[in-house]
Amino acid sequence: MASNRTFTMVKPDAVAAGHTGAIIDQIIKSGFKLVAMKYLFLSPEKAGQFYAVHSERPFYKDLVAFMSSGPIVAAILEKDNAIEDYRKLIGATDPTKAEAGTIRNLFAKSIDANAVHGSDSDENAQIEGSFFFSAFEQF
Ligand code: GDP
């Protein structure tokens, strides 16, 4: 059964540019409920663990360096059909290919500094959410 939760991060580029509030506002106005949220700094070690699935990709080193270059906002979101609807809301990985009005179209700078993360499956949403939040931090 499809779950109704997804996991997101506002990435360092968007936080540094002051877009956190606008992005969270757009997420809530699109019908997602905040289940958990925190503002934190990912060490290179933690960023490497989070993106371990990409460790063989040529961009892994840059990705880890970027994700630990400044604070991020991590959140768990709830909505019917959360994974698919959230991927639609954020747009394509490469912001030049992201549809008009999507979060990456509005706020991302490049394919690596692409403003937000969104889980790609129920299984990963569960793994990623529990990477950051204990059961006591989810409401
Ligand atoms: P996502 O699910 O849309 O975030 O995309 P992926 O899971 O394929 O990639 C994870 C993250 O790695 C992306 O959000 C980008 O920040 C980064 N990334 C993906 N492809 C590239 C690339 O070709 N070059 C660089 N520098 N970063 C990339």
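Guide: Let us start with one pair. Asp25 and Lys29 both sit in helix H2, four residues apart, which is about one turn of the helix. Keep in mind that this is a predicted model.

Visitor: What do Asp25 and Lys29 form, and how far apart are the closest N and O atoms?

Guide: They form a salt bridge, with the closest N and O atoms 2.8 Å apart.

Visitor: Why does the spacing along a helix matter?

Guide: An α-helix has 3.6 residues a turn, so residues three or four places apart point the same way.

Visitor: How accessible are Lys38 and Glu137?

Guide: Lys38 is partly exposed, with a relative accessible area of 25%. Glu137 is partly exposed too, with 31%.

Visitor: Which residue forms a salt bridge with Asp94?

Guide: Lys97 does, and the closest N and O atoms are 3.6 Å apart. Asp94 is buried, with a relative accessible area of 18%, while Lys97 is exposed, with 64%.

Visitor: Which residues are linked in a network of salt bridges?

Guide: Arg5, Lys33 and Glu78.

Visitor: New topic. In the largest nonpolar core, which residues touch the most other members?

Guide: That core has 19 residues, and the ones touching the most other members are Val10, Ile23, Ile27, Phe32, Tyr86 and Ile103. At least two residues each come from helix H1 (12-16), helix H2 (20-29), strand E3 (72-78), helix H5 (82-90) and helix H6 (103-107).

Visitor: Which of those gives the most to the core?

Guide: H5 does, with four residues. There is also another core apart from this one, with 18 residues, including Phe50, Leu63, Val64 and Met67.

Visitor: Back to H5. Which of its residues are buried?

Guide: Ala82, Ile83, Asp85, Tyr86, Leu89 and Ile90 are the buried ones. They pack against E1, H2, E3, H6, E4 and H7. After H5 comes Gly91, which has a positive phi, near 85°.

Visitor: What is Tyr86 in contact with, leaving aside its neighbours within four places in sequence?

Guide: With that exclusion, Tyr86 is in contact with Thr6, Thr8, Ile27, Phe32, Leu77, Ile103, Val116, His117 and Gly118.

Visitor: And pockets? How much space lies in the largest one?

Guide: About 660 Å³. It is lined by 24 residues, and those closest to its centre are Tyr51, His54, Phe59, Leu63 and His117. Helix H3 (44-50), helix H4 (60-67), strand E4 (116-118) and helix H7 (122-132) are the elements that give two or more residues to this lining.

Visitor: Which element supplies the largest share of that lining?

Guide: H7, with four residues.

Visitor: How many lining residues of the largest pocket are nonpolar, polar and charged?

Guide: The lining divides into nine nonpolar, seven polar and eight charged residues.

Visitor: How much space lies in the second largest pocket, and which residues line it?

Guide: The second largest pocket holds about 210 Å³ of space. Its lining is Ser3, Arg5, Thr6, Phe7, Ile76, Asp122, Ala125, Gln126, Gly129, Ser130, Phe133 and Gln138. By class, that is four nonpolar, six polar and two charged residues.

Visitor: Last one. Where does Ser55 lie?

Guide: Ser55 is in the loop between H3 and H4. Ser55 is partly exposed, at a relative accessible area of 36%. From Ser55 to Phe139 is 84 residues in sequence and 32 Å in space, C-alpha to C-alpha.

Definitions and conventions. Residues are numbered from 1 along each chain as its sequence is written. This is a predicted model: local features need pLDDT of at least 70, side-chain atom pairs count only at pLDDT 80 or more; totals for chains, interfaces and linings use all residues. Side-chain values use heavy atoms; hydrogens and water are left out. A nonpolar core is a set of buried Ala, Val, Leu, Ile, Met, Phe, Trp, Tyr and Cys residues joined through side-chain atoms within 4.5 Å. Buried means under 20% relative accessible area, exposed over 50%, partly exposed in between (1.4 Å probe, protein chains only). Contact means heavy atoms within 4.5 Å. On a 1 Å grid over the protein atoms alone, a cavity is a set of points where a 1.4 Å probe fits but cannot get out, and a pocket is an open set with protein on both sides within 12 Å along at least five of seven lines; lining residues have an atom within 4 Å of a point. Grid points are joined across faces, edges and corners, and a volume is the space filled by probe spheres set on the points. Ala, Val, Leu, Ile, Met, Phe, Trp, Tyr, Cys and Pro count as nonpolar, Asp, Glu, Lys and Arg as charged, and the others, Gly among them, as polar. A salt bridge is a side-chain nitrogen of Lys or Arg within 4 Å of a carboxyl oxygen of Asp or Glu.
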